[in-house]
Amino acid sequence: MLFDIDFDVGVDRVAPVNLNPQASRAVEQYIYHEARLLDERRWPEWLDLWTEDGMYWVPHSFDQTSPYEHISLCWENKLLRELRIRRLENSRNWSQQPVTQSCRVVSNVMIDGTDPDGYLVVRSAFHSMEWRGKEPVHRVGSLIHKLQAQEDGGWKLRMKQVNLVDRDAVHGAIQVYI
């Protein structure tokens with residue numbers, strides 16, 4: 001999937017969707033729940049939020065419209081997400097001594113509509129702070145979630161795009177998921 005250029009990362013061609021207030025609230029709660037799982041390092045539950053072919057993307061430049069033609073800060077499929085989490089949880093991982101703590105605020109959750117493949121496109125803003133015993137690391141930006149409807153009425157993450165406001169800056173290693 002990493003090099004499957006047919007994976008559509010586009011989020012601009014959306015059709016309006018009318019969700020009732022309960023459905024809209026459920027989408028918001030899903031986005032907040034995902035953020036909470038990351039802050040609480042509940043990795044198995046976070047991994048369960050994804051579709052089998054779901055992709056996590058952090059573009060490197062402001063005009064980047066594709067992860068295939070330019071380098072990205074992150075472009076990860078299921079295997080890479082699982083590998084990163086195993087590394088984070090490995091007791092011999094010196095970069096996690098002490099363990100990174102994080103807390104994030106997600107706001108401005110807005111449902112854009114559905115893309116041509118029927119995935120729900122949801123945008124939001126975030127501010128997170130990480131702490132590993134030295135200096136705080138603040139990250140600010142916008143999130144785009146592409147959600148796949150499930151038969152049980154729930155959602156799965158088809159794609160998560162993280163647009164850092166300082167994405168073109170020189171970043172240290174991104175230790176935990178944003």
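## Salt bridges in the predicted model

A salt bridge is defined here as a side-chain nitrogen of Lys or Arg within 4 Å of a carboxyl oxygen of Asp or Glu. By this criterion, a search of the whole structure finds 14 salt bridges.

The structure is a predicted model, in which local features need pLDDT of at least 70 and side-chain atom pairs count only at pLDDT 80 or more, whereas totals for chains, interfaces and linings use all residues. Residues are numbered from 1 along each chain as its sequence is written, and side-chain values use heavy atoms, with hydrogens and water left out.

## R123 and its two partners

The side chain of R123 forms a salt bridge with that of D12, at 3.8 Å from N to O. This pair links distant parts of the chain: R123 belongs to strand β4 (residues 120–131), while D12 lies 111 residues away in the segment before α1 (21–39). Helices (H or I, at least four residues) and strands (E, at least two) are DSSP runs, numbered from the N terminus.

R123 also meets D112 in a salt bridge, with an N to O distance of 2.4 Å. D112 lies in strand β3 (residues 101–114) and R123 in strand β4, so this pair ties together parts that are 11 residues apart in sequence.

## Exposure of the charged residues

Relative accessible area under 20% is termed buried, over 50% exposed, and in between partly exposed (1.4 Å probe, protein chains only). R123 is partly exposed at 29%, as is D112 at 27%, and D12 is exposed at 68%.

R139 and E130 are both buried. They form a salt bridge in which the closest N and O atoms are 2.7 Å apart.

## A salt-bridge network

Salt bridges also link R36, E40, R42 and E45 in a network.
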